[in-house]
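Subject: Structure handover

Hello,

Here is the structure for your files. My notes on what was found in it follow below.

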Amino acid sequence: MALFKLLVNGRNYQADVDPDTPLLWVLRDHFGLVGTKYGCGIAQCGACTVHLNGEAIRSCVLPVSAVGKSKVTTIEGLSSDGTHPVQLAWDKVDVPQCGYCQAGQIMTAAALLKRNPKPTQSEIDETMTGNLCRCGTYHRIREAVKLAAEHPVSGSSKTPKTK
């Protein structure tokens, strides 16, 4: 066991865990941030996606010892009131069905739009390919990412309806 000090969602946390403990389990079991989901455990489905210094990473395979002083952002920290443009677009397009993959999908899309505010359709497809949705809402996910790119105003629910 070792003591790890992490900056998560702008707040300092500590966990006394084995250095090989995946970040996902530290977030969920030690910090109570359960918005990030466990999917496959081998970084293939994207349900566990969080941001590490703004980049989307799979927390199920990242050892907590590799985080260091990096800033971690979970779905709980993406916006304090659910008004991130991607979250608003998700709502407008009615993306979720079961909702299990949604946090990982949203975190991947938010990281894409942060580094590339106007992605092409192929860039959206390529980026989102690594996130699986068992409900098959891929067409609505794609539409929501495009909508968020077109209307990047945060803190407003005035994003136009697309239906």
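**Loops, cores and a helix pair**

Ala 43 sits in the loop that joins α1 (23-30) to β3 (49-52); helices (H or I, at least four residues) and strands (E, at least two) are DSSP runs, numbered from the N terminus. The model is predicted, so local features need pLDDT of at least 70 and side-chain atom pairs count only at pLDDT 80 or more, while totals for chains, interfaces and linings use all residues. Residues are numbered from 1 along each chain as its sequence is written, and side-chain values use heavy atoms, with hydrogens and water left out.

Ala 43 is not a glycine, yet its phi is positive, at about 60°. Its relative accessible area is 24%, so Ala 43 is partly exposed (buried is under 20% relative accessible area, exposed over 50%, partly exposed in between; 1.4 Å probe, protein chains only). Asp 94, in the loop between α3 and α4, is also a residue other than glycine with a positive phi, near 55°. Asp 94 counts as partly exposed because its relative accessibility is 40%.

The two helices on either side of the Asp 94 loop pack against each other: the angle between α3 and α4 is about 125° and their axes are 9 Å apart. Axes are lines fitted to C-alpha atoms, for helices over the stretch in contact, and angles run from 0 to 180 degrees between N-to-C directions. The pair is therefore oblique (under 35 degrees is roughly parallel, over 145 roughly antiparallel, 65 to 115 roughly perpendicular, the rest oblique). From α3, Val 86, Gln 87 and Trp 90 make the contact; from α4, the residues include Gln 102, Gln 105 and Ile 106. Contact means heavy atoms within 4.5 Å. By class, the residues of this contact are six nonpolar, three polar and no charged (Ala, Val, Leu, Ile, Met, Phe, Trp, Tyr, Cys and Pro are nonpolar; Asp, Glu, Lys and Arg are charged; the others, Gly among them, are polar).

The largest nonpolar core has 24 residues, and Val 86, Trp 90, Ile 141 and Val 145 touch the most other members. Such a core is a set of buried Ala, Val, Leu, Ile, Met, Phe, Trp, Tyr and Cys residues joined through side-chain atoms within 4.5 Å. At least two residues each come from α2 (75-78), α3 (85-93), α4 (102-115), α5 (121-128) and α6 (138-150). The most, seven, come from α4. Beyond its neighbours within four places in sequence, Ile 141 contacts Trp 90, Val 95, Gln 105, Met 128 and Cys 133. Another core, of 18 residues, lies apart from this one and includes Leu 6, Tyr 13, Val 26 and Phe 31.

Regards
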